[in-house]
Amino acid sequence: MRFEQFRSCAFSAELAAMPNTSNTVIWYAYPDALCIADVHELSHILSSEERLRAADFCFEQQRVSFTVTRALLRLSLSRYSTLAPSAWRFTAGVHGKPRLL
C-alpha cells in the first residue's frame, strides 16, 4: 500500500488547508482499520529507536497503536514541510512524549 493511499483511507484531517490563526487541523487515525502489512509498511518510516520501542510492547494492540500514532505524527508534520516522514528527529520529553530536535 502506498502512503498516499494509506493517508486517504486510514488517516484523515478535518481541514486540508495549511493551518493558520483562524483554523485548527485535527489529524486522527484508525489503527484497527489497518492490516498487519500496512502497519509493517508504516514502521519503515519510524526511527530505529521507535521500532525498538514498539517491539518492547507485550501486546500486539499496543505495538500497532504506537506504530500508527508515531507514523501519523511523522506524516502530518511532513504534510506541512518539505521533510520526508522518516527525516524527522525526536527526543523523549516528559513521560516519553516525542519532542522535536
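This is a predicted model: local features need pLDDT of at least 70, side-chain atom pairs count only at pLDDT 80 or more; totals for chains, interfaces and linings use all residues.
Which backbone oxygen lies 3.1 Å from a polar atom of the side chain of Ser 76?

View A. The backbone oxygen that lies 3.1 Å from a polar atom of the Ser 76 side chain belongs to Leu 73. The side chain of Ser 76 also reaches the backbone oxygen of Leu 72, at 2.8 Å. Ser 76 counts as buried because its relative accessibility is 12%, and buried means under 20%.

**View B. The crossing of helices H3 and H4.** Two packed helices are described by the angle between their axes and the distance between the axes. Here the axes of H3, which covers residues 48-55, and H4, which covers residues 60-79, come within 8 Å and cross at roughly 155°. The helices are therefore roughly antiparallel, since that term applies to angles over 145 degrees. H3 passes H4 in a right-handed crossing. On the H3 side the contact is made by Glu 50, Arg 53, Ala 54 and Ala 55, and on the H4 side by Arg 63, Phe 66, Thr 67, Arg 70 and Arg 74. Sorted by class, this contact has 3 nonpolar, 1 polar and 5 charged residues.

**View C. His 95 in the loop between strands S3 and S4.** The loop that holds His 95 runs between strand S3 (90-92) and strand S4 (98-100). Phi of His 95 is near 60°, a positive value in a residue other than glycine. Most residues other than glycine have a negative phi. His 95 is exposed, because its relative accessible area is 75% and exposed means over 50%.

Terms used: Residues are numbered from 1 along each chain as its sequence is written. Side-chain values use heavy atoms; hydrogens and water are left out. Axes are lines fitted to C-alpha atoms, for helices over the stretch in contact, and angles run from 0 to 180 degrees between N-to-C directions. Helices (H or I, at least four residues) and strands (E, at least two) are DSSP runs, numbered from the N terminus. Angles under 35 degrees count as roughly parallel, over 145 as roughly antiparallel, 65 to 115 as roughly perpendicular and the rest as oblique. A crossing is left-handed if the near helix is turned anticlockwise from the far one by less than a right angle, and right-handed if clockwise. Contact means heavy atoms within 4.5 Å. Ala, Val, Leu, Ile, Met, Phe, Trp, Tyr, Cys and Pro count as nonpolar, Asp, Glu, Lys and Arg as charged, and the others, Gly among them, as polar. Buried means under 20% relative accessible area, exposed over 50%, partly exposed in between (1.4 Å probe, protein chains only). A polar contact is a pair of N or O atoms within 3.5 Å; within protein, one must be able to donate a hydrogen and the other to accept it, and residues adjacent in sequence count only if both atoms are side-chain atoms.
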